[in-house]
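Student: I'd like to learn how to read charge pairs in a protein model. Can we go through one together?

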Amino acid sequence: MRIVVTGGNGLVGNSIKDIISIYPNHAFTFITRQECDLSSWYEVSNYFVRNSFDYIIHLAAKVGGLFKNLDSNIEMFSENIAINENVLKACRQFNIKRGIFCLSSCIFPCNPSTFPMSERAIHESPPHPSNEGYAYAKRMLELQCRLHNKAYGTEYICLIPVNLYGPHDNFNIRDGHVIPALMNRFHGEKAKKDGRFIAYGTGRARRQFLYAPDFARLICSILLDGTYDNTEPLICCWRETSIKQMVECLADVMDIDKNKLEWDSDKSDGCMRKTVDNYKMWRYLPDGFLFTHMREGLKETYSWFCRNRDNLRN
Ligand code: GFB
């Protein structure tokens with residue numbers, strides 16, 4: 001199959017690049033924002049009229065951590081709506097009948113009827129105000145895929161990962177997600193004689209973290225291995241931890257004395273909990289699939305960070 005991957009130069013896009021050798025019978029094309037601005041129908045239609053594909057892995061999105069979302073809910077909504085509308089229009093017009101579309105666990109309600117939340121809770125009640133722009137745009141992507149599947153018999157599968165991290169992440173100290181932002185900030189402080197290791201919030205918020213290379217393997221298995229026999233949305237998650245526990249583990253991995261950690265509780269915690277369940281996911285995991293433990297994932301990410309300090313995305 002000829003497979004197009006949008007967001008080809010992002011966290012998950014690069015993780016897929018690292019594993020395509022195990023799919024020699026398929027041809028992957030990774031498109032970046034520089035090659036095709038997906039928010040422009042003119043660019044999208046021109047690109048797909050010149051390049052045809054059988055399947056799509058749609059990862060491209062305007063993303064950011066809590067503080068980026070707090071600053072730009074309107075842009076997060078409008079740019080993601082534009083990107084997704086153009087991509088689905090191109091899939092319809094250029095005959096791409098099967099694909100993976102990436103959502104996020106932040107789309108779920110912030111006050112659900114039950115925890116952990118299953119796939120059925122996606123539209124149950126409003127998401128957390130800190131990222132409602134991004135969350136509603138991704139909820140609409142779930143709706144768009146479902147409507148296309150019903151009307152045209154397509155197989156557009158929405159995968160819902162929890163907080164992803166790993167090599168190739170965006171390490172922007174302000175706009176990045178918690179792990180890359182802290183890793184970059186703490187690394188800078190390590191170089192100083194009187195460095196301070198300040199994390200934001202209270203540390204009491206809870207998150208489920210998933211190592212991006214694990215998610216990349218799941219995406220390819222579900223799209224290509226025939227293990228997933230339907231088009232319903234599927235949560236992809238692993239263990240939950242408090243932000244405090246994660247930051248202490250990160251300090252260990254970076255050889256920072258945990259007693260030097262400080263918390264700026266004037267900064268937002270965002271949603272205190274967005275626990276989702278992976279009951280359904282376990283049924284479709286390829287045999288012998290192993291998730292990467294947090295400590296191992298942080299170690300691999302930090303050594304990648306140190307090797308690539310001069311050309312980080314940030
Ligand atoms: O990763 P993060 O920005 O995403 O923040 P969210 C997770 C938690 O880490 C929050 C705390 O409780 C923050 O208060 N935190 C501590 C920090 N120190 C820092 C820091 O230096 N930077 C950041 N960013 N956080 C996002 C959504 O929410 O989750 C996105 O806004 C997306 O739309 C993403 O869905 C997966 O989990 O709070």
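This is a predicted model: local features need pLDDT of at least 70, side-chain atom pairs count only at pLDDT 80 or more; totals for chains, interfaces and linings use all residues.

Student: Which residue does D71 meet in a salt bridge?

Tutor: The general idea goes like this: side chains of opposite charge can pair when their charged atoms come close. Here the partner of D71 is R174, with 3.1 Å from N to O. D71 sits in helix α3 (residues 66-71), while R174 is in the loop between β6 (163-165) and α6 (178-190), so the pair ties together parts that are 103 residues apart in sequence. R174 itself counts as partly exposed, at 41% relative accessibility.

Student: What about R98: is it buried or exposed?

Tutor: R98 is buried, since its relative accessible area is 10% and buried means under 20%. R98 still has a salt-bridge partner, E155, and their closest N and O atoms are 3.1 Å apart. This pair also links distant parts of the chain, with R98 in strand β4 (residues 98-102) and E155 in strand β5 (residues 155-161), 57 residues apart. E155 is partly exposed, at 35% relative accessibility.

Student: How many residues apart are E248 and K244?

Tutor: They are 4 residues apart in helix α8 (residues 243-253), which means about one helical turn separates them.

Student: Which residues are linked in a network of salt bridges?

Tutor: D252, K258 and R295 are linked that way. Over the whole model, the count comes to 12 salt bridges.

Student: How far apart are the mean positions of the positive and negative charges?

Tutor: The protein chain has 39 positive and 36 negative charges, and their mean positions are 0 Å apart.

Student: And how do I read the overall fold?

Tutor: A compact globule of 314 residues would have one near 20 Å, and the protein chain has 19 Å, which agrees. The C-alpha trace spans about 60 × 45 × 40 Å along its principal axes, and the secondary structure comes to 10 helices and 11 strands. Of the 314 residues, 56% count as buried. As for contacts with a separation of 6 or more, residues 24 or more positions apart account for 79% of them.

Key: Residues are numbered from 1 along each chain as its sequence is written. Side-chain values use heavy atoms; hydrogens and water are left out. Helices (H or I, at least four residues) and strands (E, at least two) are DSSP runs, numbered from the N terminus. The radius of gyration is taken over C-alpha atoms; the globule rule is 2.2 Å times the number of residues to the power 0.38. Buried means under 20% relative accessible area, exposed over 50%, partly exposed in between (1.4 Å probe, protein chains only). Contact means heavy atoms within 4.5 Å. Lys and Arg count as positive and Asp and Glu as negative; His and the chain ends are not counted. The place of a charge is taken as NZ of Lys, CZ of Arg, CG of Asp or CD of Glu. A salt bridge is a side-chain nitrogen of Lys or Arg within 4 Å of a carboxyl oxygen of Asp or Glu.
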